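Biologist: I'm new to this one. Can you put it up and walk me through it?
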Amino acid sequence: EKRHVACGAKWFRFLCERDGLMPEPTFHALVRRHFRGPIKPPFNNKALREAVDAVIDREVLSRVVFFNLEPGTASPFPSFSPAYIPTITVQKPNLELARQKLRQAGVSNFSFTLTTIARSPEREFTQAIQAMAAAAGITIRIDAVDVGEYLRRNNALEHEAVTFQWSGGPDPDNNMFDHFVTKGPFNWAGYSNKEVDAALTQ
């Protein structure tokens with residue numbers, strides 16, 4: 001096995017040198033692009049995902065950033081979609097729960113980078129979330145880039161967290177399939193689940 005890996009590494013380095021590429025970052029980019037699977041750090045830790053979720057005040061975001069055009073929702077579907085389920089309620093922000101989840105994750109100074117597009121309303125949206133997270137001791141670094149770089153990074157899964165403009169249309173399939181099916185064009189979390197794939201393709 002060691003010889004097998006050594007042979008592959010040798011030829012990979014040879015091809016990178018031939019094409020003027022750096023072997024290590026090229027390898028990492030290829031893995032992210034072609035081997036989508038479990039969520040990568042830091043959000044492979046469920047407690048950290050829950051901690052960030054607990055600090056977000058969706059009502060404030062709806063009112064301040066989006067001018068109350070649509071109330072916050074806890075599903076991929078807007079209130080006017082036939083798939084909307086009103087009994088799934090929006091979680092209220094809970095700073096103590098967020099701190100509890102951080103302790104559960106064994107993290108005292110949690111920080112991550114949030115990639116977004118350098119424009120409005122993303123600018124105001126990410127700054128609002130950054131302030132909400134800070135109240136629970138979570139540091140969010142905002143990385144605002146142009147649209148081309150934003151798409152390149154997302155397609156290569158070169159991010160820790162990312163904002164995403166959601167269509168908000170009434171079609172349930174349009175708001176689910178491309179985002180959650182394995183290797184879907186907007187599945188920028190790299191999520192992959194055979195049972196979910198089967199349900200979405202039915």
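Modeller: First, a term: buried means under 20% relative accessible area, exposed over 50%, and partly exposed in between, with a 1.4 Å probe and protein chains only. Of the 202 residues of the protein chain, 29% count as buried. This is a predicted model: local features need pLDDT of at least 70, side-chain atom pairs count only at pLDDT 80 or more, and totals for chains, interfaces and linings use all residues. Residues are numbered from 1 along each chain as its sequence is written, and side-chain values use heavy atoms, leaving out hydrogens and water.

Biologist: How many helices and strands are there in the protein chain?
Modeller: Nine helices and three strands. Both are DSSP runs, numbered from the N terminus: helices are H or I with at least four residues, strands are E with at least two.

Biologist: Where is T163 found?
Modeller: T163 sits in the loop between β3 (161-162) and α8.

Biologist: Is T163 buried or exposed?
Modeller: T163 is buried, because its relative accessible area is 7%.

Biologist: What does the side chain of T163 make a polar contact with?
Modeller: The side chain of T116, at 2.8 Å. A polar contact is a pair of N or O atoms within 3.5 Å; within protein, one must be able to donate a hydrogen and the other to accept it, and residues adjacent in sequence count only if both atoms are side-chain atoms.

Biologist: New topic. Where is D178?
Modeller: D178 is in helix α8 (residues 177-180). D178 counts as partly exposed because its relative accessibility is 24%.

Biologist: How far is D178 from L200 in space?
Modeller: They are 9.6 Å apart, C-alpha to C-alpha, and 22 residues apart in sequence.
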